Amino acid sequence: MEFESYFPVWEKLTSVQQERLKGSAARRTAKKGTALHSGSMDCTGLLLVERGQLRAYILSDEGREITLYRLFDRDICLFSASCMMRSIQFEMMIEAEKDTELWIVPAEIYQSIMQESAPVSNFTNEIMATRFSEVMWLMEQIMWKSFDKRLAAFLLEESALEETSILKITHETIANHLGTAREVVTRMLRYFQSEGMVKLTRGAVEITDEAALEELQNA
């Protein structure tokens, strides 16, 4: 499909703005594991996902990762164009979690159109508000929920995303998503296994009692 099919306020742009936006958008294929953005000094541009899955995360001073949110089909990432948002003070990384097709719009082009177009400006503010809400939700989970509940919720979310009860995922990867140490994940997964909720094999976690995980998540 064409770029205009994926840009929500396309019809509210002038023909000149449409030409500038579409003419500057570069289509790209990112293989799983590809780093697309690496902090505020890297002004990649606006990312618009055609299909695939991206992960936005931050790094602690010790190199520990935590996932802030994910981007799926038709999602737009503004933080990869952080140079047009001078108030952004944190270093966000973006990588492809799956093979992904996307468009990249140069930050200066998008910013100029946003300054001219009220619909684009409003749309941008809506995206910012949505991402802020997602990050605030994450903060609430970290601050108020015990790790066993967070891990149960993560496994259920992964199972829904992948549409399978057998998750091809390492303990290290889970730790990176949840912002903790691999040893903490391993210890909790072994407890889950002893309770019959999961089965652990090399490089995989099989959910064997989804109802028990849901009960733990909501406890």
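Let's start with two helices. The axes of helix α1 (residues 15-24) and helix α2 (residues 107-116) come within 10 Å and cross at roughly 160°. Axes here are lines fitted to C-alpha atoms, for helices over the stretch in contact, and angles run from 0 to 180 degrees between N-to-C directions. Helices (H or I, at least four residues) and strands (E, at least two) are DSSP runs, numbered from the N terminus.

A word on the source. This is a predicted model: local features need pLDDT of at least 70, side-chain atom pairs count only at pLDDT 80 or more, and totals for chains, interfaces and linings use all residues. Residues are numbered from 1 along each chain as its sequence is written, and side-chain values use heavy atoms, with hydrogens and water left out.

Back to the pair. α1 and α2 are therefore roughly antiparallel to each other; angles under 35 degrees count as roughly parallel, over 145 as roughly antiparallel, 65 to 115 as roughly perpendicular and the rest as oblique.

Which residues of α1 meet α2? They are Q17, R20, L21 and S24. On the α2 side stand I109, Y110, S112, I113 and E116. Contact means heavy atoms within 4.5 Å. The residues of this contact of α1 with α2 divide into four nonpolar, three polar and two charged. Ala, Val, Leu, Ile, Met, Phe, Trp, Tyr, Cys and Pro count as nonpolar, Asp, Glu, Lys and Arg as charged, and the others, Gly among them, as polar.

Now the sheet. Four strands form an open sheet in the order β2-β7-β4-β5, with antiparallel pairing. β2 (35-38) and β5 stand at the edges, each with a single partner strand, so one side of each is left without a neighbour in the sheet. Two strands pair if DSSP finds at least two bridges between them.

Take β4 (residues 54-59). Six bridges join β4 to β5 (residues 65-71), and the two run antiparallel. In β5, L59 has E65 as its bridge partner. Y57 stands opposite T67. The hairpin of β4 and β5 has five residues between the strands, and there G63 takes a positive phi near 90°.

On to β7 (residues 92-96). β4 and β7 pair in the antiparallel sense over five bridges. R55 has E95 of β7 as its bridge partner.

Last, a helix on the sheet. Helix α5 (residues 171-178) lies across β4 and β5, running at about 80° to β5.
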